[in-house]
Amino acid sequence: MSSSRDVLRVEHLTMRFGGLVAVHDLSFAAQHGEITALIGPNGAGKTTVFNCITGFYQPTEGRIALQRGNPAAWDELDELTASSARSRTIKDGAVYLLERMPDHAVARQARVARTFQNIRLFRGMTVLENLLVAQHSPLMLASGFSLLGILGMTPFRKAERAAIEKAAHWLETINLVERADDPAGDLPYGDQRRLEIARAMCTDPVLLCLDEPAAGLNPRESAELSELLIAIRDRHKTSVLLIEHDMSVVMQISDHVVVLDYGEKIAEGNRDEVKNDPNVIAAYLGVEQEEMEAVASEVGL
């Protein structure tokens with residue numbers, strides 16, 4: 001059921017690649033200030049959903065709407081859908097149809113940030129430079145596309161100070177102040193993961209999409225990641241949508257969990273509801289539908 005607290009609504013999403021149906025009739029919502037996890041076995045369609053939300057794929061069918069600011073913007077959704085526009089704004093708010101937008105517009109206009117399974121830092125740049133390059137667009141605007149920056153005019157100097165202050169805040173948050181001038185590629189793997197998330201947060205996203213952020217992390221690094229994501233939710237009030245295979249991370253930090261199997265939603269709810277759902281257990285164990293009752297009995301459900 002739709003709520004004014006929703007930040008994202010995915011409605012009847014279907015994605016076909018020729019004769020292959022990767023995602024079929026998927027609907028779910030993510031709410032403001034919550035961590036929503038999208039989980040499921042390998043090949044369940046999770047990354048395809050992410051690619052549709054972030055504009056890398058144009059879905060075959062369905063609606064993907066994002067709201068920021070004033071929740072009353074949701075009242076404009078049906079009229080927006082009936083039009084050919086990508087977005088509609090009201091006082092202090094806006095609603096976007098992400099399926100109509102290319103990836104760069106989803107990131108810049110709708111303010112959806114994303115990280116990938118494979119780390120994509122600028123390895124030759126310093127840690128600080130990676131956080132500053134994420135703020136390239138506002139800096140370029142403040143510089144008048146270079147001229148005001150070259151002349152050292154006041155608007156650019158103010159924007160530059162603000163960018164450095166924001167970068168310094170995130171360096172402190174991820175405990176990398178002492179390595180600010182080191183090449184990002186020299187950091188340990190776990191630090192690179194957290195730096196990539198901090199870089200995404202420097203764009204001030206409404207929705208932060210993380211594709212397997214705990215992949216390759218040891219238990220200590222996973223714990224540090226969990227602390228960072230909880231801080232992003234609680235201190236910065238940023239909504240988080242993540243794909244994750246590490247169930248210890250999912251069950252520790254998620255407010256809401258959506259489970260996919262073979263491109264379809266098989267369960268949805270809070271951590272305890274999903275963890276104890278026989279359909280979810282059967283999907284992760286790789287058993288057939290008719291074997292579910294036996295599996296549930298074996299695990300004591």
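Trainee: Is Q135 buried or exposed in this structure?

Mentor: Keep in mind that this is a predicted model. A residue counts as buried when its relative accessible area is under 20%; Q135 has a relative accessible area of 5%, so Q135 is buried.

Trainee: Where does Q135 lie, and which residues does Q135 touch?

Mentor: Q135 lies in the loop between helix 4 (127-133) and helix 5 (136-142). If residues up to four places away in sequence are not counted, Q135 touches A162, A163, K166, A167 and C202. A polar atom of the Q135 side chain also lies 3.2 Å from the backbone oxygen of L131.

Trainee: How many residues of helix 8 are buried?

Mentor: Helix 8 is mostly covered, with 12 of its 13 residues buried, including D191, R193, L195 and I197.

Trainee: Which residues touch the most other members of the largest nonpolar core?

Mentor: Of the 39 residues in that core, they are L131, W170, L195, I197, L208, L229 and I232. Helix 8 supplies the largest share of this core, 5 residues. Leaving aside neighbours within four places in sequence, L195 is in contact with L121, V127, N130, L131, I174, L176, A184 and L187. Another core, of 33 residues, lies apart from the largest one, and L13, V23, L26 and A105 are among its members.

Terms used
Residues numbered from 1 in each chain as written. Predicted model: local features only at pLDDT ≥ 70, side-chain atom pairs only at ≥ 80, totals over all residues. Heavy atoms only, no water. Helix = DSSP H or I, 4+ residues; strand = E, 2+ residues; numbered from the N terminus. Buried < 20%, exposed > 50% of the residue type's maximum accessible area, 1.4 Å probe, protein only. Polar contact = N/O pair within 3.5 Å; in protein donor to acceptor, adjacent residues only side chain to side chain. Contact = heavy atoms within 4.5 Å. Core = buried A, V, L, I, M, F, W, Y, C linked by side-chain atoms within 4.5 Å.
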